[in-house]
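Here is a short report on one protein chain.

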Amino acid sequence: MIDGVEMREVTLADAAGLAESLRRNRMAMRPFEPYRPEEFYTEQGQLDRISGLLADREAGRVRPYVLIDAATGTSVGGINLGSIALGPFRSGGLGYWVDQEWAGRGLATAAVQEVCRIAREEVGLHRVEAGTLVDNTASQRVLAKAGFEQYGTAPKYLHINGAWRDHRLFQRLLHDDPPTD
């Protein structure tokens, strides 16, 4: 994908690597994340989370991916296309994170662009949306580079780092074709 990092669907075998990467990035991610119990940062916690994601994938509600440094096999990020709705809406929500040591290299932008390609070509979505904290300019730059446009602000949108936080809302329209189902 970029700089020797590959993006692939997450599997249960990724639990230990994701737990280690999330622990390593815990403090850097804290200002942007909801409260996470200690269990979240363990291999078992990630096994449970991945099991839920895989069940949701089978039901067509999410497409979860992991970013792996091909040289070391280390997990360096994750990206999910979730809240997938078909029918006349044909939309999904995007969430992603990148290891702080990989930040600023274009990895998040490349992953977002690839997930948008999948959303259009494989899932058949018309639109992908994402929200960022109002002061998360790094993530806003990623979305802008990947073709997203801001369409609004949501007051007290998500409970992040101990408080309800305002978010900027972004979307990328993928095509104008009518739904096929």
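## Helix H1 against helix H3

Helix H1 (residues 15-24) packs on helix H3 (residues 43-58) at an angle of about 115 degrees, and their axes are 8 Å apart. Helices here are DSSP runs of H or I with at least four residues, strands are runs of E with at least two, and both are numbered from the N terminus. Axes are lines fitted to C-alpha atoms, for helices over the stretch in contact; angles run from 0 to 180 degrees between N-to-C directions. The crossing of H1 past H3 is right-handed. In a right-handed crossing the near helix is turned clockwise from the far one by less than a right angle; anticlockwise makes it left-handed.

From H1, the residues Ala15, Ala16, Leu18, Ala19 and Leu22 meet Glu43, Gln46, Leu47, Arg49 and Ile50 of H3. Contact means heavy atoms within 4.5 Å. Seven residues of this H1 and H3 contact are nonpolar, one is polar and two are charged. Ala, Val, Leu, Ile, Met, Phe, Trp, Tyr, Cys and Pro count as nonpolar, Asp, Glu, Lys and Arg as charged, and the others, Gly among them, as polar.

## Basis of the model

This is a predicted model, in which local features need pLDDT of at least 70 and side-chain atom pairs count only at pLDDT 80 or more, while totals for chains, interfaces and linings use all residues. Residues are numbered from 1 along each chain as its sequence is written, and side-chain values use heavy atoms, with hydrogens and water left out.

## The sheet

Seven strands form an open sheet with mixed pairing, in the order S1-S2-S3-S4-S5-S7-S6. Strand S1 (5-9) and strand S6 (149-160) stand at the edges; each has a single partner strand, so one side of each lacks a neighbour in the sheet. On average, neighbouring strands of this sheet are turned by 25 degrees against each other, direction ignored. Two strands pair if DSSP finds at least two bridges between them.

Strand S2 (residues 63-69) and strand S3 (residues 75-85) are antiparallel, with six bridges. Valine 66 stands opposite glycine 78 in S3, and arginine 63 has leucine 81 in S3 as its bridge partner. Five residues lie between the strands of this S2 and S3 hairpin, where glycine 73 takes a positive phi near 75 degrees. S3 also pairs with S4 in the antiparallel sense, over seven bridges. Alanine 85 has serine 91 in S4 as its bridge partner. The S3 and S4 hairpin again has five residues between its strands, and glycine 87 in the turn has a positive phi of about 65 degrees.

## Helices across the sheet

H3 lies across S1, S2 and S3, and runs at about 130 degrees to S2. Helix H4 (residues 107-123) lies across S1, S2, S3, strand S4 (91-98), S5 and strand S7 (163-173), and runs at about 35 degrees to S3. S3 is mostly covered, with eight of its eleven residues buried. Buried means under 20% relative accessible area, exposed over 50%, and partly exposed in between (1.4 Å probe, protein chains only).

## Nonpolar cores

The largest nonpolar core has 29 residues, and Leu94 and Phe148 have the most contacts inside it. A nonpolar core is a set of buried Ala, Val, Leu, Ile, Met, Phe, Trp, Tyr and Cys residues joined through side-chain atoms within 4.5 Å. S1, S2, S3, S4, H4, S5 and helix H5 (137-145) each give two or more residues to this core. H4 gives the most, with nine residues. Another core, of eleven residues, lies apart from it; among its members are Ala15, Leu22, Met29 and Tyr41.

Leaving out residues up to four places away in sequence, phenylalanine 148 touches Leu94, Val112, Cys116, Val128, Glu129, Ala130, Leu143, Phe170, Gln171 and Arg172.

## Single residues

Arginine 127 is in strand S5 (residues 127-133). Arginine 127 counts as buried because its relative accessibility is 10%. Beyond four places in sequence, its contacts include Phe89, Tyr151 and Leu174. Glycine 93, in strand S4, is buried at 17% relative accessible area. Glycine 93 and glycine 82 are eleven residues apart in sequence, with their C-alpha atoms 5.1 Å apart.

Lysine 156 lies in strand S6. Its phi is near 45 degrees, a positive value in a residue other than glycine. Lysine 156 is exposed, at 59% relative accessible area. Asparagine 161 lies in the loop between S6 and S7, with a positive phi of about 50 degrees. Asparagine 161 is partly exposed, at 35%.
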